[in-house]
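Please keep the sequence and the model in view while reading.

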Amino acid sequence: MFKHLFKLIWNKKKQNFLLMTEMLVSFMVLFAVFTLMVYYYDNYKKPMGFKYQDVWVINISNSYQTKNTDSLDLYYETLRKTIKALPQVKELSFVSGNVPFSKRINQSGLTFKGKHIDHLNNFTAEDSYKETMNLGVLEGRWYNKSDAVSKYKLVVIDADLKEATFGKEPAVGKLLGNDDDKNKMKVIGVIQTIKRNGDYMTAGPGFYFRADTGSFRWLDKILVRVSPGADAAFEGKLYKTMAGYMKNSNIEIEHLTNKLKDANYFAVIPMIVLSIVSCFLVINVALGLFGVLWYNINKRKGEIGLRRAIGASGNSVSSQLVMESMILATLSLIIGSFLLYNFRC
Amino acid sequence: MLKNYLKIAIAVLRRRKFFTFISLFGISFTLTILMVLTAFIDKVIGDNYPDKKRDRLLYINRIEQKGKDDMTSGPLSYYFLSHYTGMMKTPVKVAISSGFSGTNTYVNNKKIAVNYKYTNADYWDVMDYDFTEGKPFNKQQVDNADHVAIISEDMKKQYFGDAGPVVGKYIEADNVNYRVLGVVKNVPLTSYMFFSDIYLPYTVSKADYKGKGYGGGYMGVLMGASKDDVPKMQAEYENLMKRVPVESKNYQHLYSHANTFVRSYVDTGNEDSSGVFIVITAISIFVFIFMLLPTLNLVNINITRIMERSSEIGVRKAFGASSQTLVYQFIVENLILTLLGGIIGTLLSAIALCGINSVNPIANLQLSINFTVLFIALLVCLVFGFLSGVYPAWRMSKLNVVTALKG
């Protein structure tokens with residue numbers, strides 16, 4: 001049966017070639033769109049890694065300028081106490097500029113046990129970061145006061161980095177660093193990866209360093225967890241407190257929920273546009289193929305009539321025609337898969 | 001002759017209405033999407049508010065220093081721009097402004113996000129903002145570091161509501177009170193070099209603008225006396241940059257260019273990768289792939305139609321029509337079909353643009369159909385018609401008369 005069908009198709013190869021090309025290109029387009037959607041969906045299913053509701057970020061444009069580290073620390077400790085004392089503030093932490101959902105990037109690379117890890121996010125935060133963000137601690141612990149003095153430089157890594165370096169084994173207590181680094185860092189905890197690029201994009205591996213006395217010189221953001229009812233009036237009060245204390249700095253307060261919306265915008269808009277465009281393309285192709293195939297079948301009225309006269313049932317005729325089209329489609333799919341497999345990036 | 005072709009074409013189209021519908025559907029929708037894309041690009045690049053004197057202007061957005069292992073790239077400091085452009089002889093005026101940054105203000109228990117931008121006095125002479133009220137600040141106010149501000153219409157509505165003229169009133173932003181000197185027409189966010197909610201003199205900036213480092217948050221615009229001065233200005237700036245020493249031993253090369261608008265808009269900040277090249281390649285690939293499917297579709301349908309008319313073609317050939325005449329006729333018929341599809345596509349894109357404008361995804365960005373868009377649409381139609389007609393026409397001319405007559 002199939003040999004017969006193949007022969008029929010081969011007889012009309014020129015015409016069928018065009019049909020197959022159309023099906024091939026639409027298959028590739030659909031494949032590309034679906035790959036993107038699956039990529040987004042995969043990322044969407046992963047947990048956020050922290051609670052972003054009711055967390056605000058305060059951007060400080062100019063840190064306090066002084067050469068004396070002690071007065072710098074005193075300045076910022078006073079600021080911290082002032083903010084913490086405000087009624088609706090639950091917890092706060094000074095952090096490096098690459099807060100979740102921001103466009104700031106602070107990355108480095110690592111070669112560990114021969115494996116090269118690129119786009120490794122570097123975060124710096126304080127002990128209070130865990131409470132501020134409601135982190136998910138998977139292994140070990142977050143930093144605390146006792147880590148101020150330690151033989152090794154300590155580091156907390158996230159789940160993505162742990163998988164890339166230690167695989168399934170527990171990471172706490174192990175040493176992490178470049179293969180040629182004499183002073184490796186000791187891992188004291190593993191936390192859930194924070195989806196810092198929004199719901200739909202991969203976050204990439206990251207590790208977190210503990211802020212030390214000199215860090216205040218360059219940490220220019222504060223993450224603040226506020227109680228759920230905090231409104232614009234309270235935000236105005238927080239703003240005035242900050243601006244009044246840091247007179248030489250521009251202050252901006254953003255809500256993480258809004259920043260998340262903006263970050264997702266970047267993923268959702270291209271997806272919507274691509275879906276609309278590919279939908280139209282596929283409808284176009286479907287209609288075109290429909291028209292062409294209908295005409296072809298019409299031309300074979302004589303052949304069909306002959307088969308019916310000899311005694312073929314209606315079903316047998318229609319199934320033959322359907323099989324011919326299916327074979328064409330399958331051939332296109334096979335060629336398409338082959339091409340995609342060879343060109344996968 | 002042409003009138004006959006037209007009549008035949010319309011008769012053929014009416015014979016198989018379904019095929020006609022498919023072809024028109026394909027052409028018109030492809031055209032609609034391409035036209036919306038063109039309108040968008042045209043608005044973003046072509047809209048010359050507020051830099052109306054664009055053909056006499058050059059834009060300096062970045063400075064890049066490169067070494068073997070290190071690279072730094074970013075906007076320039078105020079000091080660098082004013083010092084070096086001050087040495088140049090060709091520009092008539094130099095506008096220096098910062099990129100826009102965000103802050104908040106809280107009024108009536110409401111939070112308003114405010115984008116602010118620092119400028120020098122010449123900025124208002126180089127740019128041509130439309131002032132709905134008041135006027136810009138002048139050199140003396142900048143030198144005195146007066147707390148004055150120019151605000152956008154949107155900002156006025158958000159902060160003051162529907163009050164009358166607001167010149168002379170005070171607006172609080174970033175915990176400082178500024179006196180409003182003027183109100184300007186809104187700039188869409190896509191003109192990111194000139195967008196802001198309030199414009200302030202750079203002398204009131206809380207950041208230190210006197211620092212002698214090369215990097216900072218500012219960009220410059222050079223204004224020449226006429227269009228012909230632009231190449232001279234560009235060369236003068238290039239030569240000047242060649243003589244500037246690098247800031248530290250880590251770097252060996254220093255790059256900074258005064259570019260035309262389009263180049264500076266797509267600047268990637270990396271000397272090695274040209275922004276214009278990347279953008280044009282990306283757009284070309286997208287357009288090519290996008291037009292590939294409908295073209296293939298049309299080719300298929302056209303071949304089918306020709307096969308249908310094989311008896312008619314056979315008769316004409318038997319009567320002595322040359323292949324060339326038949327091909328010519330067929331291509332004309334095809335062009336008529338695609339032009340018809342083009343008209344429908346234009347109508348559809350007008351509706352689509354109205355829809356997009358009412359949704360207003362990017363504030364203050366009003367898309368419209370103008371001559372560039374229409375011209376591109378016409379071009380696309382003709383290309384379509386030609387591409388999808390050539391192959392079937394060639395196939396048709398090869399038809400054997402006898403086989404064609406047999407049906």
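**Strands around β10 of chain B**

In chain B, strand β7 (residues 131-134) pairs with strand β10 (residues 176-184) in the antiparallel sense, over three bridges. The model is a predicted one. Within this pairing, B:F131 stands opposite B:V184 of β10(B).

Strand β8 (residues 148-152) of chain B is joined to β10(B) by five bridges, and these two strands run parallel. Here B:S152 has B:V184 as its bridge partner in β10(B).

One of the residues involved is B:E172, whose bridge partner in β10(B) is B:N177. β9(B) and β10(B) form a hairpin with two residues between the strands, and in this hairpin B:D174 takes a positive phi near 55 degrees.

Strand β2 (residues 63-66) of chain B runs antiparallel to β13(B) and is joined to β13(B) by three bridges. In this pairing B:K66 has B:H253 of β13(B) as its bridge partner.

Next come the domains. Chain B is divided into domain 1, which covers 2-47 + 276-406, and domain 2, which covers 62-258. Taken over C-alpha atoms, the centres of domain 1 and domain 2 of chain B are separated by 47 Å. Contact between them involves six residues of domain 1 of chain B and five residues of domain 2 of chain B. On the domain 1 side of chain B, the residues touching domain 2 comprise four nonpolar, one polar and one charged.

Two helices of chain B can be followed next. Helix α2 (residues 17-46) and helix α11 (residues 323-359) of chain B pack at an angle of about 50 degrees, and their axes are 7 Å apart. Because of that angle, α2(B) is oblique to α11(B). The crossing in which α2(B) passes α11(B) is right-handed. Among the residues making the contact are B:S23, B:L24, B:I27 and B:M35 of α2(B), and B:L337, B:G341, B:G345 and B:L348 of α11(B). By class, the residues of the contact of α2(B) with α11(B) are twelve nonpolar, eight polar and no charged.

Contact between the two chains involves 30 residues of chain B and 31 residues of chain A. On the side of chain B that touches chain A, the elements giving two or more residues are α2, β5 (101-107), β6 (110-119) and α9 (275-308) of chain B. α9(B) gives the most to this side, with eleven residues. The side of chain B that touches chain A has 15 nonpolar, ten polar and five charged residues.

Key. Residues are numbered from 1 along each chain as its sequence is written. Chains are lettered from A and ligands numbered from 1 in the order in which they are written. This is a predicted model: local features need pLDDT of at least 70, side-chain atom pairs count only at pLDDT 80 or more; totals for chains, interfaces and linings use all residues. Axes are lines fitted to C-alpha atoms, for helices over the stretch in contact, and angles run from 0 to 180 degrees between N-to-C directions. Helices (H or I, at least four residues) and strands (E, at least two) are DSSP runs, numbered from the N terminus. Angles under 35 degrees count as roughly parallel, over 145 as roughly antiparallel, 65 to 115 as roughly perpendicular and the rest as oblique. A crossing is left-handed if the near helix is turned anticlockwise from the far one by less than a right angle, and right-handed if clockwise. Two residues are in contact if their C-beta atoms, placed from the backbone, lie within 7 Å. Ala, Val, Leu, Ile, Met, Phe, Trp, Tyr, Cys and Pro count as nonpolar, Asp, Glu, Lys and Arg as charged, and the others, Gly among them, as polar. Two strands pair if DSSP finds at least two bridges between them. Domain bounds come from an automatic or database domain assignment.
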